[in-house]
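Subject: Structure handover, aromatic contacts

Hello,

Here is the structure for your set. My notes on its ring contacts follow below.

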Amino acid sequence: MKIRPALTVLTCAVALALSGCNLVGGSSDSGNAADKVTVTVALVPDPPGASEFYRQQFDEFEKANPGIAVKVVENPSDQQLNAVELMFQQNRAPDVFRAQDDGMDRMAARGWVAPLDEFVTPEFLKRFPEGSMDPATSGLHRDGKLMSLPLVWGPWSSLRVFLYNEDLLKKSGFDGPPKTWADLERMATKITADGHGKYFGYAPTAAKAPAAEMLAGTAVPYSVAASGIDFRTGKPATSSPGLVEAVELHRRMQAAKVMMPGWESWDGSRAFKEFAAGKLAMYPTPPWHVAEVRKLSPEIKLGITGLPVPAAGRGAYLARNKSFSPLWSMSSQSTHKADSWKVMDFLASDAFHKAYYQKFGTLTALEGAWKAEAEKNPDQAAILKVAAETLRRAPNPALASKGGQAITQALAAKPDLKYTDAAVSSIVKNQPFAPAAAQLDKDLQTFLDKTSADLAAKGQEGSAKDLTFAGWDPLKDFTPGG
């Protein structure tokens, strides 16, 4: 019988904050442990229940691969990249690690990510939807090399949906969700008033007010809210009226005490808990919240729809700028690459993705693992419907050119240039956002000029032209070269 180490949360609290801690352990078959290769996997314990899920899955992997022991290191979600970086710097790099989105580029820029092409077979690629692993559009390749594997990413993953409690809306006389931002403000105001402190009309999802960016995605090109740059012009555009108004909408509702109090300290799971408890009537969110709501409140009358748009009409669609987003990468410092690939192959297997879907109700990169079942699920059918209606292909500088990759990587390393903190300050302190947005645009331009000059001095590509797609219409599907 296998004995697992107990969770040592308290003793690892400080270590977690800096460099991760092995919370869920690994195999302890002492009889043949010396004959095993240990593959260390650094991951994040989310969604809720992920710690136990991964350990169970790796137990199954170990049974099928008796020569490999998987050691799991967990890092806090908000500190995972810094923690993994510290592991590399301390010469105790994990063999496989989770570094999603721009995090993979951060690691690759330091030479810490190993290409996976030597292990990939045609049969492996057939697991993914046709055409989705094309190096030019996959989102997982850099310079034609496969650098990462996905998990919960597909056409729906950049999707944002709007959740509403049908019963709470009906109590205030509303038969359906808001179609426009003006509807949202009006409805939220009345629902909060009718709730008399027992429930509230709206919340901006979490402490960083990501709802402002979500709503802005219906008004301005996705790149404006994501990076402060308008990819149609290659110029800073934080002060775009659509983004400014998305922040101002939240500022007005905060000042009028319409939004649920305390959101300023919420983590990523608080919104769905409040919603499931019947205390929150409406909010925008990534689709994975739907499954979490259902776990907590299976009978809640949950409505799922697209985000409301500006009263003047939609200015942009939500962006699908790659097939997938990076998640699992292999360390270039691993001394057990073949064994590490076996673990990654397992993490990208139909069996693992099906188990993940069944556990968390989350759609994954391998559609064959869940599609038939998802189409029978009203919630997931609604998510797929909203995705079809509100997502459009969009340009991605990081995939289009080396210069675009260099600039976007440099920009990703400067989170202070993103509008988020300034927007939250504006909302909470009830101060106009436009002046802060204008200053951010100045700072962004200075950054772009300096970064371009620095790259040129090194003989490298990278300038505003690499961020410019003059023919792009954010209301239409983007066609490279078209």
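R392 lies over the face of Y317, 4.0 Å from the ring centre. The criterion for a charge over a ring is NZ of Lys or CZ of Arg within 6 Å of the ring centre and within 35 degrees of the ring normal.

This is a predicted model, in which local features need pLDDT of at least 70 and side-chain atom pairs count only at pLDDT 80 or more, while totals for chains, interfaces and linings use all residues. Residues are numbered from 1 along each chain as its sequence is written, and side-chain values use heavy atoms, with hydrogens and water left out.

Now the ring pairs. The whole structure holds 26 aromatic pairs. Rings of Phe, Tyr and Trp (its six-membered ring) pair if their centres lie within 6.5 Å; planes under 30 degrees apart are stacked, over 60 edge-to-face, the rest tilted.

F119 and W341 are stacked, 5.6 Å centre to centre with 10° between the planes. They are 222 residues apart: F119 is in the loop between β4 and α5, W341 in helix α13. Helices (H or I, at least four residues) and strands (E, at least two) are DSSP runs, numbered from the N terminus. Both F119 and W341 are buried (under 20% relative accessible area, 1.4 Å probe, protein chains only; exposed is over 50%, partly exposed in between).

F128 and F324 pair edge-to-face, at 5.7 Å and 65°. The separation is 196 residues. F128 and F324 are both buried.

Ring pairs also join a cluster, including F53, Y54, W328 and F360.

Best wishes
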